[in-house]
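Have the sequence and the 3D view open as you read.

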Amino acid sequence: MPKVTLYTKPNCPLCDKALEQIELARQRIAFEFERVNILGDFEIYERYKHDIPVVHLDGVEVARH
């Protein structure tokens, strides 16, 4: 089953919009979903601090901002 990962942080309006679109897609297509708060991991934070939301599909980045 495909896995979608959303890299996000609290109080991020663009992240909220990305989450809405992911939830809409989940109503039509089955996939695993993980939401990752970048504030919980220093390495991830450093990688994405200026680019969230970032979406990965099966570990490959498919979208940002």
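## The cores

Start on the inside: nine residues make up the largest nonpolar core, namely Tyr7, Cys12, Cys15, Val36, Ile38, Ile44, Tyr48, Ile52 and Val54. A nonpolar core here is a set of buried Ala, Val, Leu, Ile, Met, Phe, Trp, Tyr and Cys residues joined through side-chain atoms within 4.5 Å. "Buried" means under 20% relative accessible area, "exposed" means over 50%, and "partly exposed" is anything in between (worked out with a 1.4 Å probe and protein chains only). Another core lies apart from that one, and it has eight residues, among them Val4, Ala18, Ala25 and Phe31. As background, nonpolar side chains tend to be buried together in soluble globular proteins.

Before going on, some ground rules: this is a predicted model, where local features need pLDDT of at least 70 and side-chain atom pairs count only at pLDDT 80 or more, while totals for chains, interfaces and linings use all residues. Residues are numbered from 1 along each chain as its sequence is written, and side-chain values use heavy atoms, with hydrogens and water left out.

What does Cys15 touch, if you skip its neighbours within four places in sequence? Cys15 is in contact with Leu6, Tyr7, Thr8, Lys9, Ile52 and Pro53, where contact means heavy atoms within 4.5 Å.

## Rings and a charge

Rings of Phe, Tyr and Trp (its six-membered ring) pair if their centres lie within 6.5 Å; planes under 30 degrees apart are called stacked, over 60 edge-to-face, and the rest tilted. By this rule there is one aromatic pair. Its members are Tyr7 and Tyr48, which are tilted, with 5.0 Å from centre to centre and 40° between the planes. The pair links distant parts of the chain, since Tyr7 is in strand β1 (residues 3-8) and Tyr48 is in helix α2 (residues 42-48), 41 residues apart. Helices (H or I, at least four residues) and strands (E, at least two) are DSSP runs, numbered from the N terminus.

Why do both tyrosines count as buried? Tyr7 does because its relative accessibility is 11%, and Tyr48 does because its relative accessible area is 3%.

There's a charge to spot as well: the charged end of Arg26 sits over the ring of Phe31, 5.9 Å from the ring centre. For that to count, NZ of Lys or CZ of Arg must be within 6 Å of the ring centre and within 35 degrees of the ring normal.

## The sheet

Four strands form an open sheet in the order β2-β1-β3-β4, with mixed pairing. Two strands pair if DSSP finds at least two bridges between them. At the edges stand β2 (32-37) and β4 (60-64); each has a single partner strand, so one side of each is left without a neighbour in the sheet. From one strand to the next, the twist averages 20°.

β1 pairs with strand β3 (residues 54-57) in the antiparallel sense over four bridges, and Leu6 has Val55 as its bridge partner in β3. β3 and β4 also run antiparallel, joined by four bridges; here the bridge partner of Val55 is Ala63 in β4. These two strands, β3 and β4, form a hairpin with two residues between them, and Asp58 in the turn has a positive phi of about 50°.

Helix α1 (residues 13-26) lies across β1, β2 and β3, running at about 165° to β1. Axes are lines fitted to C-alpha atoms, for helices over the stretch in contact, and angles run from 0 to 180 degrees between N-to-C directions.

## Residues to look up

Leu57 lies in strand β3 and is partly exposed, with a relative accessible area of 38%. The C-alpha atoms of Leu57 and Thr5 are separated by 6.5 Å, although these residues are 52 apart along the chain.

Now for the backbone. The peptide bond from Ile52 to Pro53 is cis, with omega near 0°, and Pro53 is found in the loop between α2 and β3. Asn11, in the loop between β1 and α1, has a positive phi of about 60° although it is not a glycine. Is Asn11 buried or exposed? Asn11 is exposed, because its relative accessible area is 80%.
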